[in-house]
Amino acid sequence: MKVTSISRKLLTRVLSFYFVLTFLVTCVQIGAEYVNTKSHINSELLTLEKTFSSSLTRAVWELNTQQAIDIAEGLVAIPMIKGIKVTDENNQVITQLGENRTQDGDIKLDNKEKNYFNISSLSEGLFGYSFPLIFEFSGRTTKVGTVTLLSSNQVIFDRIEIGIYFLIGNAMVKTAALVLLFSIAFSQLLTNPLNELTEQINQFDIDDPEASKLHVVNYERNELSILQNAYNNLLSELTRYKEELATAQSDLIDSNNKLDEQNLMLEQEVAKKTSSLSTTMLKMEMQQRELLAQQSQLKAENTRRSQTEKTLTNTNDELKSSIHELKKAQERLLDAEKMATLGALSAEITHEINTPIGVSITSTSYLSDLLTKLNNEIDSNKLSKRGLDEFRQNANQSVDLLMNNLNRASDLISSYKQVAVDQTSDKIRHINVAKYINEIINSLHPKLKKTNHIIHIDCSNTIEVYCHAGAISQIFTNLIFNSIIHGFEGIEQGEISIKVEMHNDEVQITYADNGLGIPEESLPSLFDPFFTTKSGKGGSGLGTHIIHSLVTDTLGGSIVARSEKNQGLSYLITFNDMR
């Protein structure tokens with residue numbers, strides 16, 4: 001296994017931190033030197049402005065362009081001036097020498113009275129400022145032009161170059177000295193003492209632990225001396241335990257001698273007990289014979305019980321088979337009940353569609369007769385404006401009647417089709433709850449229009465869920481049929497309220513009617529198979545059981561019913577969005 005030196009690892013971490021710190025400090029010093037030098041250059045530019053502004057002002061005022069150019073050339077000859085631009089009061093360039101900004105840099109107002117502007121163009125490496133040329137005459141001041149003095153970062157770098165070399169050299173010398181000092185210190189204080197300890201520990205002799213104690217010369221009280229003392233104390237304890245072990249072995253030998261003596265005494269005692277044991281054995285043989293007889297009786301009893309257990313097992317298998325067949329029959333009965341509801345709904349829809357279809361056929365026949373009459377009048381050249389107006393009026397009425405009835409038939413078929421498809425499949429799909437409940441009620445219209453019952457729906461149009469749409473359709477169909485058939489028996493105009501709420505991912509549906517309700521003692525049996533209040537009067541007793549199965553098994557939710565006699569029946573259905 002590869003050995004990693006602690007001193008080398010510690011030295012690497014310390015020096016790495018020092019290198020990073022030295023680099024950061026050096027960078028900060030270079031930055032400070034750069035800022036300081038740039039400040040000095042700006043001060044020198046201000047000094048030059050005070051020196052040459054009066055002469056430049058007079059030259060511009062007197063329109064002495066050549067003198068202004070000479071002054072500008074003299075300024076550009078100064079090493080720190082990299083560019084100069086002189087303009088008149090109309091911002092027309094008089095002279096422009098050296099480097100100039102090709103793009104607008106960062107400009108800010110430095111002094112509102114003198115209109116000084118600092119200039120800094122990071123992309124071009126230029127900086128400086130602009131100042132106005134003010135001419136005083138008869139106590140009046142007039143701005144005759146503007147001067148822009150520019151310097152560059154290269155001037156700064158040329159001035160601080162030697163300082164940068166000195167800073168970098170200083171950092172390198174200090175770093176090299178620190179590396180050397182740390183290496184020597186770690187070698188003397190950690191590496192060499194650890195090597196000496198390791199060599200002496202490798203010379204350990206198990207037979208003479210006292211001679212294997214560590215004797216490293218170390219005049220300091222540090223962790224290595226503590227480790228040395230702990231190791232030596234461990235060897236002292238080992239020597240003491242060896243002496244105690246020798247004493248214990250001696251005591252063990254004495255105990256074995258005493259044990260041999262006790263064994264002789266026990267053998268004599270056993271010989272005495274043997275004679276009495278023989279008599280006891282005879283008695284035990286007689287008891288054994290009696291036990292054998294009882295054992296044979298138990299075997300016969302076990303055989304009889306095994307036959308009984310086998311008979312019970314066969315009976316149990318037959319019962320399981322019967323229960324399985326009963327469950328299959330119950331499932332088939334539930335499916336038949338669902339399809340019976342769908343069949344009854346289909347018959348109602350078919351009867352309901354006959355009316356708009358019949359009216360449509362009559363309208364079509366009437367429209368055909370009108371067309372025949374029109375064609376005959378055209379052929380016999382007897383067509384008059386009055387006859388054409390009558391045809392148009394009658395045709396429009398026939399077409400409107402035809403469209404209204406066909407749209408009514410289409411709406412009924414569309415609603416029934418979606419509900420029928422959902423009820424016969426277990427497909428999970430996205431539905432708008434309010435819209436889907438309206439489609440279900442629309443498909444039940446043929447059944448509802450024969451009554452005066454009213455259905456109130458309280459559901460936001462924004463509630464949308466992923467679920468078994470067929471289960472939702474079957475649940476509401478059975479609930480409404482139960483209310484009409486059972487709850488509103490003898491009631492001329494009943495009311496049904498449906499309220500749907502969404503709490504996070506949980507859908508809560510409250511269904512209630514103001515019908516007859518059921519007795520409180522019958523509530524625990526409401527969802528049992530074949531429970532009905534119309535026993536012997538056409539009720540199958542599977543409606544509420546189907547509702548309970550759809551809510552708990554298909555939707556994975558829960559349903560709770562509440563009712564009082566003559567106070568109506570309500571259901572609270574909850575399930576989660578299946579997304």
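Colleague: Let's start with Tyr34: what is its relative accessible area, and is it buried, exposed or partly exposed?

Modeller: In this predicted model, Tyr34 has a relative accessible area of 22%. Buried would need a value under 20%, so Tyr34 counts as partly exposed.

Colleague: How do I read a pair of aromatic rings?

Modeller: Two values describe such a pair: the distance of the centres and the angle of the planes. Here, the structure holds four aromatic pairs. One of them joins Tyr34 and Phe157, with 5.9 Å centre to centre and 35 degrees between the planes, a tilted arrangement.

Colleague: Where in the chain do Tyr34 and Phe157 sit?

Modeller: Tyr34 belongs to helix 1 (residues 6-61) and Phe157 to helix 3 (residues 153-202).

Colleague: Thanks! Why is the pair of Phe527 and Tyr571 called tilted?

Modeller: Its planes stand at 55 degrees, so the pair is tilted, and the ring centres are 6.4 Å apart. Stacked would need an angle under 30 degrees, edge-to-face one over 60. This pair also links distant parts of the chain, 44 residues apart: Phe527 lies in the loop between strand 11 (506-513) and helix 9 (543-554), while Tyr571 lies in strand 13 (residues 569-576).

Colleague: Are Phe527 and Tyr571 buried or exposed?

Modeller: Phe527 is buried at a relative accessible area of 16%, and Tyr571 is buried at 5%.

Colleague: Which residues do ring pairs link into a cluster?

Modeller: That cluster consists of Tyr511, Phe527 and Tyr571.

Definitions and conventions:
Residues numbered from 1 in each chain as written. Predicted model: local features only at pLDDT ≥ 70, side-chain atom pairs only at ≥ 80, totals over all residues. Heavy atoms only, no water. Phe/Tyr/Trp six-rings, centres within 6.5 Å; stacked < 30°, edge-to-face > 60°. Helix = DSSP H or I, 4+ residues; strand = E, 2+ residues; numbered from the N terminus. Buried < 20%, exposed > 50% of the residue type's maximum accessible area, 1.4 Å probe, protein only.
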